[in-house]
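Please open the structure in your viewer and keep the selection tool at hand.

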Amino acid sequence: MNKLDVMNNSFNIKPFAPNLGAIITNVDLSNDINDAELKVIRDAFHKYQVLFFQNQSEILPENHIKFGKYFGDLHIHPAAPKMKNYPEIFEIHTNKNSKISNGAEDFHSDVSCDMEPPLGTMLQLHILPECGGDTMFANMYMAYESLSKPMQKFLSGLRAFHESEHFYKGRYNKIDENIKYPSALHPVVRTHPVTKKKALYVNRFFTTQIEGLSQHESKLILNYLFEHCEKTDFQIRYRWKQNDMAFWDNRCTLHKAIWDYFPNERKGRRVTIKGDKPF
Ligand code: SIN
């Protein structure tokens with residue numbers, strides 16, 4: 001266990017698995033976070049890519065927003081329903097009336113279709129099924145690093161379109177012709193702006209075509225990359241406890257929520273933090 005003492009507080013930070021993630025205890029996210037504590041959390045975020053804050057109580061929407069803002073301005077989801085009075089909050093809710101999952105049933109990086117996709121997402125779950133409803137995360141540094149050198153060379157310099165209309169239109173609400181669905185062109189291999197490490201940046205939800213390749217070539221390469229990103233060696237599977245808060249880095253991970261608990265209920269709130277244009 002790596003125990004980091006910060007001012008009067010002591011956080012316990014323990015790796016979740018060798019390939020990804022850490023569990024943080026001894027911090028109450030409803031309280032203010034000082035600069036030294038923030039540095040510990042930031043450093044852990046960059047090192048472990050996904051943090052799971054355990055032993056929390058339910059965080060009020062305003063405190064959730066406040067915690068998110070320590071890491072940057074908040075991103076407003078282009079299509080999902082907003083919580084009343086809190087447009088920054090995306091309510092995650094599935095129950096016996098749900099016809100589809102909460103929109104996370106395949107590995108993806110949140111809203112990668114934005115020109116400046118969110119750097120990270122913070123999700124706290126308040127209602128959980130008795131079992132099931134786990135979330136899986138995959139390490140995209142490992143996905144990149146495990147490719148052969150010729151494949152890394154082939155992919156470097158390529159860009160791919162990330163689109164959203166096919167995915168968002170009618171998913172959360174009745175079809176609304178006023179919604180402008182984002183799309184963007186991003187590098188297939190991106191460099192993390194803080195760690196400077198390279199990560200694969202494609203996902204099944206949003207990445208539709210590699211620029212400059214024929215449709216057939218692009219489809220084959222993308223399918224290969226999607227499968228590669230989803231190798232179990234790069235993954236962890238997180239079993240939630242009530243009020244756990246997960247904070248993941250969308251620049252170097254993918255995630256997927258498993259919808260195996262229908263018709264039971266799963267409910268929580270998430271905020272996302274604005275990111276930069278991938279390079
Ligand atoms: C999401 O993609 O933000 C949802 C993840 C989850 O419900 O576990």
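**The whole chain**

Begin with everything selected: of the 279 residues of the chain, 56% count as buried, that is, they have under 20% relative accessible area. Please keep in mind that what you are looking at is a predicted model. A compact globule with 279 residues would have a radius of gyration near 19 Å, and because the chain has 18 Å, the two agree. Now switch to a cartoon view, in which the secondary structure comes to six helices and 18 strands.

**An open sheet**

Next, select strands β11, β10 and β14, which form, in that order, an open sheet of three strands with antiparallel pairing. The edge strands, each of which pairs on one side only, are β11 (183-187) and β14 (207-210). Looking across this sheet, you can see neighbouring strands turned by 30° against each other on average, with direction ignored. Then select residues 159-163, which make up strand β10, and follow the five bridges that join β10 to the antiparallel β11. Within this pair, Glu163 stands opposite Ser183 in β11.

**The largest pocket**

Finally, turn to the largest pocket, whose volume is about 320 Å³. Which of the 13 residues that line the largest pocket are the closest to its centre? Select His93, Ile100, Ser101, Arg171 and Tyr172, for these are the ones. When the residues of the whole lining are sorted by kind, four are nonpolar, six are polar and three are charged.

Methods:
Residues are numbered from 1 along each chain as its sequence is written. This is a predicted model: local features need pLDDT of at least 70, side-chain atom pairs count only at pLDDT 80 or more; totals for chains, interfaces and linings use all residues. Side-chain values use heavy atoms; hydrogens and water are left out. On a 1 Å grid over the protein atoms alone, a cavity is a set of points where a 1.4 Å probe fits but cannot get out, and a pocket is an open set with protein on both sides within 12 Å along at least five of seven lines; lining residues have an atom within 4 Å of a point. Grid points are joined across faces, edges and corners, and a volume is the space filled by probe spheres set on the points. Ala, Val, Leu, Ile, Met, Phe, Trp, Tyr, Cys and Pro count as nonpolar, Asp, Glu, Lys and Arg as charged, and the others, Gly among them, as polar. Two strands pair if DSSP finds at least two bridges between them. Helices (H or I, at least four residues) and strands (E, at least two) are DSSP runs, numbered from the N terminus. Axes are lines fitted to C-alpha atoms, for helices over the stretch in contact, and angles run from 0 to 180 degrees between N-to-C directions. The radius of gyration is taken over C-alpha atoms; the globule rule is 2.2 Å times the number of residues to the power 0.38. Buried means under 20% relative accessible area, exposed over 50%, partly exposed in between (1.4 Å probe, protein chains only).
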